[in-house]
Amino acid sequence: NTFCSTTQGRSYGDPHLKSFDNATYSFQTVGEFDLSKSSDGNFEIQARQKAQSDNFSLNTAIAMNVYGDRLGFYAEDAPSRNVSPLFLDGQPIQLQGRTYFLPHGGTIRLTGRNYIVSWPSGETMILNNGGSLGMNFVNVTVTIFQCGSQTYSGLLGNANNNLNDDFNGRNNNQTPPSYQAFSTFGNPMMQQASILAEKEYLAYLSQNFAEDWRVNDMTTLFDYAAGTNTAYYTDRSFPRVHLTVADLNADQQANARRRCETMGINAGEMGGCIFDQ
């Protein structure tokens with residue numbers, strides 16, 4: 001893999017997603033979803049998004065297949081009481097030292113507040129354990145290689161260097177509404193579209209597109225406490241309302257931007273930060 005280029009996908013905040021092909025969008029949904037999966041099945045990441053109010057959610061747990069090892073990270077709703085957020089094949093694990101070696105060749109490293117999971121095939125994921133004001137959540141950064149025979153699917157897209165098909169659903173079986181602004185954060189295409197068209201597009205993402213990538217009891221990688229399953233964490237009526245940055249007045253937008261700049265947010269994630277504020 002020395003000569004391969006890499007690309008990153010992100011799920012962060014309440015949640016904003018950046019696909020491997022740099023399409024960016026808000027994904028205000030509640031449930032458990034496929035973030036990314038390789039065609040050989042040795043790499044898979046799922047996210048659990050939990051409601052925090054009527055109109056935004058957060059990633060509260062991440063489940064992974066790391067070359068045959070089922071790993072779970074629970075910022076909230078761990079399947080059993082445990083001082084560590086990590087579970088391996090349903091059992092809590094502690095990091096001994098700074099690196100934990102998984103049975104099938106993967107590793108977990110703890111660096112500050114970040115857990116770094118590495119696959120033997122080279123993919124990596126950074127789990128940033130966030131939380132404030134009583135909300136526990138996790139931000140995710142996934143890095144994959146852009147060469148070789150692997151193909152990828154999921155909410156983070158197919159990594160084919162074409163952002164235009166990242167929202168077509170599983171196996172390209174759904175065509176999004178005609179509104180094709182691949183950012184809800186002020187991309188020039190969005191600025192030319194009506195607020196109504198943007199909200200129609202957000203509704204498509206949170207309903208049809210989301211449904212295509214929901215996991216079920218057969219495909220889930222998560223661990224569950226007694227009396228819970230993937231349906232327990234699903235709410236198809238969410239969000240109750242679709243909000244956009246355009247719902248803020250100029251002063252609110254300016255104040256939010258100043259707060260984000262003070263926090264050191266980079267330009268690529270500034271729109272998402274303003275939305276969150």
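## Aromatic pairs

The structure holds 12 aromatic pairs, where rings of Phe, Tyr and Trp (its six-membered ring) pair if their centres lie within 6.5 Å, with planes under 30 degrees apart counted as stacked, over 60 as edge-to-face and the rest as tilted. One of them joins Y25 and F209 in an edge-to-face arrangement, at 6.1 Å centre to centre and 80 degrees between the planes. Because Y25 belongs to strand β3 (residues 24-26) and F209 to helix α2 (residues 195-212), this pair ties together parts that are 184 residues apart in sequence. Helices (H or I, at least four residues) and strands (E, at least two) are DSSP runs, numbered from the N terminus.

Y25 has a relative accessible area of 1% and is buried; F209, at 0%, is buried as well. Here buried means under 20% relative accessible area, exposed over 50% and partly exposed in between (1.4 Å probe, protein chains only). The rings of F27 and F33 are edge-to-face, because their centres are 5.3 Å apart and their planes stand at 75 degrees. Both F27 and F33 are buried.

The model is predicted: local features need pLDDT of at least 70, side-chain atom pairs count only at pLDDT 80 or more, and totals for chains, interfaces and linings use all residues. Residues are numbered from 1 along each chain as its sequence is written, and side-chain values use heavy atoms, leaving out hydrogens and water.

## A charge over two rings

The charged end of R48 sits over the ring of Y233, 3.7 Å from its centre, and also over the ring of F222, at 4.7 Å from the centre. The criterion is that NZ of Lys or CZ of Arg is within 6 Å of the ring centre and within 35 degrees of the ring normal.

## Nonpolar cores

A nonpolar core is a set of buried Ala, Val, Leu, Ile, Met, Phe, Trp, Tyr and Cys residues joined through side-chain atoms within 4.5 Å. The largest has 42 residues, and M64 and L127 have the most contacts inside it. Helix α2 supplies the largest share of this core, 5 residues. Apart from it lies another core of 6 residues, including A61, Y74, L221 and F222.

## The surroundings of N139

N139 is found in strand β14 (residues 135-145) and is buried, at 14% relative accessibility. A polar atom of the N139 side chain lies 2.9 Å from the backbone nitrogen of G13.

Definitions and conventions. Polar contact = N/O pair within 3.5 Å; in protein donor to acceptor, adjacent residues only side chain to side chain.
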